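Colleague: I'm new to this one. Could you walk me through how to read it?

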Amino acid sequence: MVQVRIQSVRRIILYYGARLWEAGHGVQFLFRGENLHQVRQHGLNGTSIAGDMYISSDEMQAFESFKDMETVDWVLVALKSSSLDAIPQLILPLLDPERSRILLVMNGMIDDALIQLLRAASDDTTTPGHLHCCHSVLG
């Protein structure tokens with residue numbers, strides 16, 4: 001089973017996270033404030049032309065802080081490009097140098113900039129020389 005962390009409350013990433021969960025992967029969602037309260041109380045409900053999905057509050061791995069999460073195979077990031085500088089502190093604790101990958105779903109081609117920020121913010125054991133980001137361009 002692949003371990004995935006979702007860093008966003010943007011609908012597109014919630015959709016992919018729910019689909020990954022539905023396929024049997026371990027998915028951790030990071031929420032803040034009222035969104036965290038709502039999913040912990042009611043779970044996550046999604047509707048789609050590809051079929052509706054629901055993750056109950058008991059099954060939902062919803063966290064308020066990355067510090068409470070485990071290292072993962074994939075980190076899916078969908079933040080505004082203006083938040084680029086904050087990403088290293090959010091995801092570095094979750095990266096395993098031997099297996100972790102990062103998928104960016106952001107507006108702009110910023111993968112090289114993120115790699116530079118991650119390397120600058122970490123020691124050599126956290127971000128190996130082969131760190132790469134996948135990206136998707138929106139907008």
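This is a predicted model: local features need pLDDT of at least 70, side-chain atom pairs count only at pLDDT 80 or more; totals for chains, interfaces and linings use all residues.

Colleague: How many helices and strands does the chain have?

Modeller: Helices (H or I, at least four residues) and strands (E, at least two) are DSSP runs, numbered from the N terminus. Here you get four helices and eight strands, in the order β-α-β-α-β-β-β-β-α-β-α-β along the sequence.

Colleague: And what share of the residues counts as buried?

Modeller: Buried means under 20% relative accessible area, exposed over 50%, and partly exposed in between (1.4 Å probe, protein chains only). In this chain, 44% of the 139 residues count as buried.

Colleague: Which way do the residues of S2 point?

Modeller: In a regular strand the side chains alternate between the two faces of the sheet. In S2, Gly26, Gln28 and Leu30 point one way, while Val27 and Phe29 point the other way. The strand covers residues 26–30, and five of its five residues are buried.

Colleague: In which sense do S2 and S5 pair?

Modeller: Two strands pair if DSSP finds at least two bridges between them. S2 and S5 (residues 61–63) have three bridges and run in the parallel sense. Within that pairing, Phe29 stands opposite Ala62 of S5.

Colleague: How many aromatic pairs does a search of the whole structure find?

Modeller: A pair of aromatic rings is described by the distance of the centres and the angle of the planes. Rings of Phe, Tyr and Trp (its six-membered ring) pair if their centres lie within 6.5 Å; planes under 30 degrees apart count as stacked, over 60 as edge-to-face and the rest as tilted. The search of the whole structure turns up two pairs. Tyr15 and Tyr16 make an edge-to-face pair, 5.5 Å centre to centre with 70° between the planes. Tyr15 is partly exposed at 26% relative accessible area, and Tyr16 is partly exposed at 43%. Phe29 and Phe31 make a stacked pair, with 6.0 Å centre to centre and 25° between the planes.

Colleague: Are Phe29 and Phe31 buried or exposed?

Modeller: Phe29 counts as buried at 1% relative accessibility, and Phe31 counts as buried at 2%.

Note on methods
Residues are numbered from 1 along each chain as its sequence is written. Side-chain values use heavy atoms; hydrogens and water are left out.
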